[in-house]
Amino acid sequence: MSDPRALDILQRVFGYESFRGDQQAIVEQVIGGGDALVLMPTGGGKSLCYQIPALVREGTGVVVSPLIALMQDQVDALTELGVRAAYLNSTQDWRVAREVEQAFLAGELDLLYVAPERLLTDRCMQLLDRGRIALFAIDEAHCVSQWGHDFRPEYLGLSTLHERWPDVPRIALTATATAATRTEIAQRLALDDARHFVSSFDRPNIRYRIVEKNEVRKQLLEMIRSEHEGDSGVVYCLSRARVEETADFLCGQGIDAMPYHAGLSPQVRAANQARFLREDGVVMVATIAFGMGIDKPDVRFVAHIDLPKSVEGYYQETGRAGRDGLPATAWLAYGLQDVVQQRRMIDESPGDEIYRRRLGQQLDAMLGLCETVECRRMRLLAYFGQQIGPCGNCDVCLEPPQAWDGTVAAQKVLSAVYRLWKERGQRYGAGHIIDILRGKVTDRTRQHGHDTLSVFGVGQDLSETAWRGVLRQLLAQGLLTVDHEGYGTLALTEGSRAVLKGERQLMLRREPEKKARSGKTAGGRAKAAVVDLPPELQPVFEALRAWRGEVAKNHGVPAYVIFHDATLREIALAQPDSMEALSRISGVGARKLEAYGEEILQRVARPVL
Ligand code: ADP
Ligand code: ZN
């Protein structure tokens, strides 16, 4: 049975015509008092799944979120919709906190956001005891997973909610979950009777591309300039130093870039984050410390200039692009050095053998994605247990790489490594091995007499780049390994033998030839305008955007809290001439219609003849 109240709220308050995917079923489950575990990709529409039941059910919906810095924006966005929302966290003045508490007790709040450590205090528990709770929403529920990349110990305490308030429905939500993580979430949060809602994880508007790394900063700049000039984006790096140097580099090239990592002071981080959220066209260069819960809808690209540690993390990070459903790019540059570095980090990481093995498996899955000759999206979704056909919107689908028989090349590499070790007791890194294969006379080859090895110069048929590709793929496939002693030297593995002995044929991936001309390649659209509109409507859209910027500034909120680009685009296209027509646009709810309707109509009005 569908609940008419839920649909009414969706349309009237949020201004959306219909539910998406599992939303309706989830909302009804929670309205009916049942528990739910919701897995939906970023941008799938999780918030409505608890916001609507909180509005329908009596009492206040308590939202547990680890993201203190974003609570203000979440509350502002709800307030713009006419929903009564507030938050309690440590950044607040105690007087303000007391007002919020009073409002809660008086039943004047639809939604209350609380950080987990705050929620679990005696004071807060007692407060909740005295009021009426509509539901508990546990956002970013994967934070309870100890194996995951966002583990928060406070989350473990949340299982007590059920013991204390057995009749209050709980809904746990996350955008990251393999089957294993899902089981772990259900277990740790004691969601024994919860219905599981697993959506498709596909994000068809994101174009996935993984390129071979050579001069990564130049490649990044080229990608931004040719496809995303003036767009908002995120560039992920592995280390703080790399964040700083990359942000500096981009700024030097005239791109509005800012750094974000855990080494910056909380004030600087908050200021940079606020600028990213509030202004158009800012590029955030960050470690993975940045991004969880950032619901900016118009991030047009997410770039990784270092190899991510797991597919789960990678998918979560790239999912921050294109939440508004408009075209977006996920771009990753990856090379030999990444594999060496990550393998070494795993070897040196603290923790026991099981832990390291787990990290190794995660890395292998990531490498498999990078080296695949199949559709990237197929691989990604398969990782989450979902099946699709080739997507037509990833680099592999658009410009298929060639596969070539790399058996002989691999044998040359492996026998060079073997001979150096067997005959000389020496191990070297990739660069030197390639020099030997290509017969390059360097100080080192001469000094160590490596020019007398039988493998010296046997690899002149391939370029240095091609050899790096071979070595990278051998490492990725575990046919070559980084020596445990460190220094990035290479050693054979169990699997090497079969290749050396010619018992195993090895197909390798060759990058498609670079197109000389940039812009219109698989790289995507040559950039013309912010959104896809007929040229004569561009000025209308721009006028609406300028107006939105003003309003957002006056209200002290990010522009997308007023209206999304997608909504402005639809207004520009439809050119509504009455409040009634305007109300039919997706994203225009009752409150916003009342507050901004007249102003918008004026701005799209065609001159009367
Ligand atoms: P998530 O939290 O899953 O990443 P959000 O809740 O932020 O996603 O929703 C993503 C975007 O989709 C938001 O801009 C939201 O307003 C929009 N959205 C959600 N549900 C609907 C719907 N039923 N119809 C239209 N837009 C929707
Ligand atoms: Zn594809």
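Predicted model: local features only at pLDDT ≥ 70, side-chain atom pairs only at ≥ 80, totals over all residues.
Q342 touches L238, L307, P308, K309 and L363, leaving aside residues up to four places away in sequence; contact here means heavy atoms within 4.5 Å. This glutamine is found in helix α14, residues 336–348, with helices taken as DSSP runs of H or I, at least four residues, numbered from the N terminus. The side chain of Q342 also reaches the backbone oxygen of L307 at 2.6 Å.

Residues are numbered from 1 along each chain as its sequence is written, chains are lettered from A and ligands numbered from 1 in the order written, and side-chain values use heavy atoms, with hydrogens and water left out.

On to the metal. The zinc ion (ligand 2) is held by the SG atoms of C375, C391, C394 and C397, at 2.3 to 2.4 Å; donors are N, O and S atoms within 2.8 Å of the metal (3.2 Å for Na, K and Ca). Along the sequence, these donor residues follow the spacing C-x15-C-x2-C-x2-C.

Then there's I585, in the loop between α26 (579–583) and α27 (590–604). I585 sits 18 residues from T567 in sequence, with 7.1 Å between their C-alphas.

Here is how accessibility works out for some of these residues. Buried means under 20% relative accessible area, exposed over 50%, and partly exposed in between (1.4 Å probe, protein chains only).

| Residue | Relative accessible area | Class |
|---|---|---|
| Q342 | 3% | buried |
| C394 | 0% | buried |
| C397 | 25% | partly exposed |
| I585 | 4% | buried |

Terms used:
Helix = DSSP H or I, 4+ residues; strand = E, 2+ residues; numbered from the N terminus. Polar contact = N/O pair within 3.5 Å; in protein donor to acceptor, adjacent residues only side chain to side chain.
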